[in-house]
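Please open the structure in a viewer and keep the selection tool at hand.

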Amino acid sequence: MPPSAARRSTFAIFALNGFLLGMWVVNIPEIRDRTGASTVVLGYLLLLLGGSALLGMQVGGRLIDRFGSRVVVVIAGLALSVCLVGPGLATNVPALAVALGLLGAFNGVIDVSQNAQAVEVERAYGRPIISAFHAFFSLGGLLASIIGGGLIALDVDVRLTLAAAGLLGFVLTLAVRPSLLPPSPGTIRESGAPRAHAPWTPRVVVLSLLAFMLLLSEGVAYDWSTVHLHDSLDASKTVAAWAFGAFSITMTLVRLVADRVVARIGAAAYVQRAALVGAAGLLGAALAPNPAVAIVAWAVFGVGLAGCVPQFFSAAGNIDPAASGTYLARVTGTGYLGLLAGPAIIGILTNWVSLTTAFAVPIVGCLLAGLLAPSALRKEQS
């Protein structure tokens with residue numbers, strides 16, 4: 001029988017991760033004001049958050065290969081829940097820097113370990129199911145925006161808000177622990193045994209490059225979709241926000257159904273076609289004559305990107321079960337670097353070209369992903 005309890009528990013972990021991160025995000029303005037951080041300083045702090053997450057991913061990958069994803073994801077979930085309280089308690093910039101360093105590090109660990117657990121569950125099911133896990137991450141973030149926004153409107157103290165969210169995360173992590181899958185026999189090394197050899201093979205390099213390109217494109221949607229409508233198409237701030245909303249909704253919905261498509265046509269064919277849809281969507285946004293067309297185009301962009309990156313994570317986790325954590329850490333880490341770099345690259349390019357012209361970078365990235373996907377995701381390597 002498929003491990004349905006483990007699947008539900010992994011859904012819960014992904015949703016919890018999205019929720020905890022979302023609760024931090026919606027409270028950034030309040031925390032910034034409490035600590036007296038300027039906009040420039042906040043930018044550096046967010047860079048610290050991202051950098052510590054990258055480090056946490058690499059450490060988490062090695063821990064997974066040593067102890068299995070179940071142990072690591074539980075420890076990371078508990079630690080992340082506790083660390084969420086830190087930014088709310090910070091009253092100055094140095095304290096906030098320490099809090100965000102810890103938050104980012106454990107977020108990196110839970111990111112790679114929850115994907116490793118998802119790969120374990122998918123392997124047990126014997127069919128594609130990984131995209132749905134990422135949909136629950138998005139749903140967790142959406143829930144945080146609704147609850148967090150409501151608590152802000154009620155003027156609830158941010159310390160109480162984050163403490164309550166952290167307590168919820170702590171309890172939920174303990175509740176799902178018994179249902180998570182233990183490591184399969186032979187997939188973790190014994191104490192004192194040499195670490196599994198995990199070379200940077202051409203396939204790992206291509207998977208990492210694919211993740212970098214498509215998460216770079218996703219990062220552009222996060223930070224520049226609303227700016228595009230407001231600055232390039234003279235949309236109001238309210239209407240401009242619909243662009244990101246449309247992108248987020250289609251990302252979530254498509255991730256709920258992408259696994260069925262992948263099961264039918266294969267991961268390689270899916271990414272090859274979906275990445276081209278993403279390129280067409282962003283090209284449509286860049287060429288859109290009015291906000292309405294642009295919003296539809298950003299939604300199409302979300303349709304294209306939604307189910308691609310989970311396929312790279314699934315492939316990385318199945319290259320060598322004895323080193324799945326290390327390989328997952330490499331691919332997720334490189335992809336996360338793209339997520340951070342994408343918005344910055346677009347911002348730098350706008351010093352010389354228009355915003356819509358700068359969109360050529362993620363468009364080309366999507367096209368290249370469509371061309372390279374078969375070499376890394378062909379069926380005999382899955």
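A residue is called exposed when its relative accessible area is over 50%, and buried when that area is under 20%. The model on display is a predicted one.

Select Asp155, in the loop between α7 and α8 (158-176). Its relative accessible area is 68%, and Asp155 is therefore exposed. Most residues other than glycine have a negative phi.

**Second stop: helix α7**

Within α7, colour the buried residues: Ile130, Ser131, Ala132, Phe133, His134, Ala135, Gly140, Ala144 and Gly148. Against which helices do the buried residues of α7 pack? Display α1 (4-26), α6 (93-125), α10 (237-265) and α13 (308-317) to see these partners.

Proceed to Asp234, which is located in the loop between α9 (202-232) and α10. Is Asp234 buried or exposed? With a relative accessible area of 67%, Asp234 is exposed. Asp234 is not a glycine, yet its phi is positive, at about 55°.

Select α9 together with helix α14, residues 324-349. Two packed helices are described by the angle between their axes and the distance between the axes. Here the axes come within 6 Å and cross at roughly 40°. The helices α9 and α14 are therefore oblique to each other, and their crossing is right-handed. The residues of this contact comprise 17 nonpolar, 7 polar and 3 charged.

Finally, select Val271 in helix α11, residues 267-287. Its relative accessibility is 0%, so Val271 counts as buried. Which residues is Val271 in contact with, leaving aside its neighbours within four places in sequence? They are Cys308, Gln311, Phe312, Gly370, Ala373 and Leu377. To end the tour, draw a distance between the C-alpha atoms of Val271 and Leu377: these residues are 106 residues apart along the chain, and the two atoms are separated by 8.7 Å.

Notes
Residues are numbered from 1 along each chain as its sequence is written. This is a predicted model: local features need pLDDT of at least 70, side-chain atom pairs count only at pLDDT 80 or more; totals for chains, interfaces and linings use all residues. Side-chain values use heavy atoms; hydrogens and water are left out. Buried means under 20% relative accessible area, exposed over 50%, partly exposed in between (1.4 Å probe, protein chains only). Helices (H or I, at least four residues) and strands (E, at least two) are DSSP runs, numbered from the N terminus. Contact means heavy atoms within 4.5 Å. Axes are lines fitted to C-alpha atoms, for helices over the stretch in contact, and angles run from 0 to 180 degrees between N-to-C directions. Angles under 35 degrees count as roughly parallel, over 145 as roughly antiparallel, 65 to 115 as roughly perpendicular and the rest as oblique. A crossing is left-handed if the near helix is turned anticlockwise from the far one by less than a right angle, and right-handed if clockwise. Ala, Val, Leu, Ile, Met, Phe, Trp, Tyr, Cys and Pro count as nonpolar, Asp, Glu, Lys and Arg as charged, and the others, Gly among them, as polar.
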